[in-house]
Amino acid sequence: CLAKPLVYSLCYVLLKARYNIIKGVDIMSTREIAYNIIDCMSEEQLSAFVALFGNAADIPNEETLEAMREADRIAHDPNVKGYTDIDELMRDLLS
């Protein structure tokens, strides 16, 4: 399983960063910790990391979720005019 070596690598780097913060040595920003984690990973671990978190960009943000909810409300609202004919839609848009 690729996840186990990945978890070990992440834990090691996070513990090291935490130790450094406690000791007041080489305090890293969150971004620096993330880069450090990635730099310490083997190709196999990087592949597992991408497999686990690669779809994060596919998760819609709150604005997109609200637009999706609004579209769903409109689609199911009997008071909103809908179209099944593109020519009728275009006539109404152009009028």
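Asp92 and Lys81 form a salt bridge, with their closest N and O atoms 3.3 Å apart. A salt bridge here is a side-chain nitrogen of Lys or Arg within 4 Å of a carboxyl oxygen of Asp or Glu. Asp92 lies in helix 5 and Lys81 in the loop between helix 4 and helix 5, so the pair ties together parts that are 11 residues apart in sequence. The model is predicted: local features need pLDDT of at least 70, side-chain atom pairs count only at pLDDT 80 or more, and totals for chains, interfaces and linings use all residues. Residues are numbered from 1 along each chain as its sequence is written, and side-chain values use heavy atoms, with hydrogens and water left out.

**Fold and confidence**

- The chain has 5 helices and 0 strands. Along the sequence the pattern reads α-α-α-α-α.
- Helices (H or I, at least four residues) and strands (E, at least two) are DSSP runs, numbered from the N terminus.
- Mean pLDDT for the chain is 78, and 69% of the residues score at least 70. pLDDT is the predictor's confidence in each residue, from 0 to 100.
- Helix 1 (residues 3–23) has the lowest mean pLDDT among the elements, at 64. Helix 4 (residues 62–76) has the highest, at 91.

**Burial, contacts and surface**

- The chain has 95 residues, and 13% of them count as buried. Buried means under 20% relative accessible area, exposed over 50%, and partly exposed in between (1.4 Å probe, protein chains only).
- Take the contacts between residues at least 6 apart in sequence: 44% join residues at least 24 apart. A contact means heavy atoms within 4.5 Å.
- Accessible surface comes to about 8,000 Å², and 59% of that belongs to carbon and sulfur atoms. Areas come from the Shrake-Rupley method with a 1.4 Å probe; for residues, only the protein chains shown count as cover.

**Lys81 and its partners**

- Lys81 sits in the loop between helix 4 and helix 5. Lys81 is exposed, because its relative accessible area is 52%.
- Leaving out residues up to four places away in sequence, Lys81 touches Glu88 and Asp92.
- The side chains of Lys81 and Asp92 also make a polar contact of 3.3 Å. A polar contact is a pair of N or O atoms within 3.5 Å; within protein, one must be able to donate a hydrogen and the other to accept it, and residues adjacent in sequence count only if both atoms are side-chain atoms.
- Asp92 is partly exposed, at 34% relative accessibility.
- Glu88 forms a salt bridge with Lys81 too, its closest N and O atoms 3.5 Å apart. Glu88 counts as partly exposed, with 29% relative accessibility.

**Other salt bridges**

- The structure holds 5 salt bridges.
- Arg69 pairs with Glu62 in a salt bridge, with 2.6 Å between the closest N and O atoms.
- Arg69 is partly exposed at 36% relative accessibility, whereas Glu62 is exposed at 52%.

**Nonpolar surface patch**

- Ile86, Met90, Leu93 and Leu94 make up a nonpolar patch on the surface. Together they have about 450 Å² of accessible area.
- Patches are built from residues with over 30% relative accessible area and no salt bridge; like charges are joined within 9 Å, nonpolar side chains (Val, Leu, Ile, Met, Phe, Trp, Tyr) within 5 Å.
- Ile86 belongs to helix 5 (residues 86–94). Ile86 counts as exposed because its relative accessibility is 56%.
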